[in-house]
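Hi,

Here's the structure I promised to pass on. Have a look at it first, and then read my notes below.

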Amino acid sequence: DDRTVPDISPLFGAPTELPPTLLVVGSEDVLLDDNVAMAQHLSRAGTDVALRVYPASPHGFTHHPTSMAEAARHDIGEWLAERLTA
């Protein structure tokens, strides 16, 4: 019942020694504010974090057959490639 338990909401945890993190979210996603807050939380903890917000896109948009989803998947691939080849 306590939503401040880190296992329920990571925003209330103490993120330490986490790997680089990419947060991909649509501007129309119901979890947009949570993603922005998490990016700030991770950044304050020293995590290398990137937040990408895609316009006019709902929750789960990367699974849709749209040009915005294709662009996001491309960006995700590039972000991963940069980190996996370093």
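Let's start with a definition: two rings of Phe, Tyr or Trp (its six-membered ring) count as a pair if their centres lie within 6.5 Å. Keep in mind that this is a predicted model. Searching the whole structure that way turns up 1 aromatic pair. The partners are Y54 and F61, with ring centres 5.5 Å apart and planes at 45°, so the pair is tilted.

Next up is helix α1, which covers residues 32–44. Does its length make sense, or what should we expect? At 1.5 Å a residue, its 13 residues should span 18 Å, and the end C-alpha atoms are 19 Å apart, so the two agree. On the inside of things, L32, N35, M38, A39, H41 and L42 are the buried residues of α1. Those buried residues pack against two strands, β1 (21–26) and β2 (49–54). After the helix comes G46, and its phi is positive, near 95°.

Last, take a look at G13, in the segment before β1. Is G13 buried or exposed? It's buried: its relative accessible area is 17%, and the cut-off for buried is under 20%. Leaving out residues up to four places away in sequence, G13 touches P6 and H41. H41 is one of the buried residues of α1 that I listed above. As for L23, it sits 10 residues from G13 along the chain, and their C-alpha atoms are separated by 17 Å.

Cheers

Technical notes:
Residues numbered from 1 in each chain as written. Predicted model: local features only at pLDDT ≥ 70, side-chain atom pairs only at ≥ 80, totals over all residues. Heavy atoms only, no water. Helix = DSSP H or I, 4+ residues; strand = E, 2+ residues; numbered from the N terminus. Expected span 1.5 Å × (residues − 1). Buried < 20%, exposed > 50% of the residue type's maximum accessible area, 1.4 Å probe, protein only. Contact = heavy atoms within 4.5 Å. Phe/Tyr/Trp six-rings, centres within 6.5 Å; stacked < 30°, edge-to-face > 60°.
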